[in-house]
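Trainee: Before I use any of these terms, I would like to know what stands behind them.
Mentor: Then ask about them in turn, with the structure in view.

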Amino acid sequence: MLMEDLSEGGCLVVSLREKRLDAVIAASFREAMVARIDQGHRNIVLDLSQVNFMDSSGLGSVVYVLKHLGHTGRLHICGVTPGVMAVLKLTRMDRVLKTFDSRQAAIAA
Amino acid sequence: MNSHQPLYLVVPATLLDARLATERIVALCDRFDTEDRADYATAVMEWLVNVVKHSYGHASGAQIRICAIAGPEAIELTIEDSGQGMAPWKFDAAPSELNFDATDISKLPESGMGLVIIKSVMDSVRYHRDRGINRLTAVRRWQR
C-alpha cells in the first residue's frame, strides 16, 4: 500500500496512492493512519483523489480513524471520486465525514 | 449498447480474487451510468468479501462460483459458496438503510454495512441455503 505524507498549513496531508480502498488493504490502511495519529498528528487531510473504489471495509477503516482522532482532532477528506462518494451516500456517511472539493479547502477549513 | 455472453467464474475465496471477480462482473455493466456502476460494484464486492471472511473464514482452497447474466432489462447475479454461510433469517432481518446518530462519533458503525449496501443497491435479492450450498441471487435493473 502506497501512502504519501506532506505537512502543509499545520496539517498532515496523507495521499493514498491506491486505486482501491477495500477489504484487501483496509486493515493496513487503518494501522498506518493510527500510527500517524499516535505520533501526534491531530489535523489530518486525507487525499483520496486516486481512489476510485471504496467498499464498506475501506469505509470502516476511515470511520475507525475518525473515532481514533476523537473530538480533539480533525479529519478532512478531499479528492472524493464518484466511486468513493457512492459508498458514502449508500451508508449515509456523507453526513458524518467532512469532504472538500480541493486539498487547499480541506487544509484551510 | 453492447451485448455480453453470460459470465461464469469459479474463483479462489480470497480478498484479492474477490476484487478481481468484482471487476470482471462490473465489466458487463456498460448500461449503468457512472453512479449506478459504482453502487453495483460496491454491492458485489460486499457479498464476495462476506463469503471470504465469514462464510469461509479465509479457509485456503475454498472457491466461489459466480454466474452473471446481463439481460436486456437487468443484470442477474448468482454467487454460490459452500462455507458455513449465514442463517437466512439473519440475511432477511438486515435493514436496507443504515440508521445511526451522526452527531455521536463514538457510536458510528465500522462494520455491518455490507448487507445494507447490497439490499439498497439491488432491486431484488434472495439468499438461501440448500444442501450445503449458500446461494445469493440478486437482480438489478439497468434503469430504475
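Mentor: Start with B:Ile25: neighbours within four places in sequence aside, B:Ile25 is in contact with B:Leu7, B:Val44, B:Ile66, B:Ala68 and B:Leu77. Keep in mind that this is a predicted model.

Trainee: What makes B:Leu7 and B:Val44 contacts of B:Ile25?
Mentor: Two residues are in contact because their C-beta atoms, placed from the backbone, lie within 7 Å. B:Leu7 and B:Val44 are among the residues listed for B:Ile25 on that basis.

Trainee: Which residues touch the most other members of the largest nonpolar core?
Mentor: They are B:Ile25, B:Val44, B:Leu48, B:Val51, B:Ile79 and B:Ile118, in a core of 71 residues. H2(B) gives the most to this core, with 11 residues. As background, nonpolar side chains in soluble globular proteins tend to be buried together.

Trainee: Why is B:Gly83 called buried?
Mentor: A residue is buried if 20 or more other C-beta atoms lie within 10 Å of its own. B:Gly83 has 21 C-beta neighbours inside 10 Å, so B:Gly83 counts as buried.

Trainee: Where is B:Gly83 in the chain, and what is it in contact with?
Mentor: B:Gly83 sits in the loop between strand S3 (74-81) and H3 of chain B. Leaving aside neighbours within four places in sequence, the contacts of B:Gly83 are B:Val51, B:Ser55, B:Tyr56, B:Ala62 and B:Asn134.

Trainee: How far apart are B:Gly83 and B:Leu15?
Mentor: They are 68 residues apart in sequence, and 15 Å apart in space from C-alpha to C-alpha.

Trainee: Why is H4(B) described as largely enclosed by the rest of the structure?
Mentor: Six of its eight residues are buried, so the description holds. The buried residues of H4(B) are B:Gly114, B:Leu115, B:Val116, B:Ile117, B:Ile118 and B:Val121. They pack against helix H2 (56-69) and helix H3 (82-91) of chain A, and also against H2, helix H3 (88-93), strand S4 (124-130) and strand S5 (133-141) of chain B.

Trainee: How many residues does each chain give to the contact between A and B?
Mentor: Chain B gives 25 residues and chain A gives 23 residues. On the side of chain B, the elements with two or more residues are helix H1 (15-26), helix H2 (34-55) and helix H4 (114-121). The largest share of that side, nine residues, comes from H2(B). By class, the side of chain B that touches chain A has 14 nonpolar, six polar and five charged residues.

Trainee: What is needed to describe two packed helices?
Mentor: The angle between their axes and the distance between the axes. For H1(B) and H2(B) the angle is about 145°, and the axes are 9 Å apart. H1(B) passes H2(B) in a right-handed crossing. Residues making this contact include B:Leu15, B:Ala18 and B:Ile25 of H1(B) and B:Tyr40, B:Val44 and B:Leu48 of H2(B). By class, the contact of H1(B) with H2(B) has 12 nonpolar, one polar and two charged residues.

Trainee: How do you know that S4(B) and S5(B) pair?
Mentor: Two strands pair if DSSP finds at least two bridges between them. S4(B) and S5(B) have seven bridges, in the antiparallel sense, so by that cut-off they pair. One example is B:Ser124, whose bridge partner in S5(B) is B:Val139. The two strands form a hairpin with two residues between them, and B:Arg131 in the turn has a positive phi of about 45°.

Trainee: What makes S1 and S4 of chain B edge strands?
Mentor: The open sheet of five strands in chain B has the order S1-S2-S3-S5-S4, with antiparallel pairing. Strand S1 (7-12) and S4 each have a single partner strand, so one side of each is left without a neighbour in the sheet. The twist averages 15° from one strand to the next.

Trainee: What lies across this sheet?
Mentor: H2(B) lies across S2, S3 and S5 of chain B, running at about 10° to S3(B).

Trainee: Which strands stand at the edges of the sheet in chain A?
Mentor: That open sheet of five strands has the order S1-S2-S4-S6-S7, with mixed pairing. Its edge strands are strand S1 (3-8) and strand S7 (98-100), each pairing on one side only.

Methods. Residues numbered from 1 in each chain as written. Chains lettered and ligands numbered in written order. Predicted model: local features only at pLDDT ≥ 70, side-chain atom pairs only at ≥ 80, totals over all residues. Helix = DSSP H or I, 4+ residues; strand = E, 2+ residues; numbered from the N terminus. Nonpolar A, V, L, I, M, F, W, Y, C, P; charged D, E, K, R; others polar. Buried ≥ 20, exposed ≤ 12 C-beta atoms within 10 Å, placed from the backbone. Core = buried A, V, L, I, M, F, W, Y, C linked by C-beta atoms within 7 Å. Axes fitted to C-alpha atoms, helices over the stretch in contact; angles between N-to-C directions. Left-handed = near helix turned anticlockwise from the far one by under 90°.
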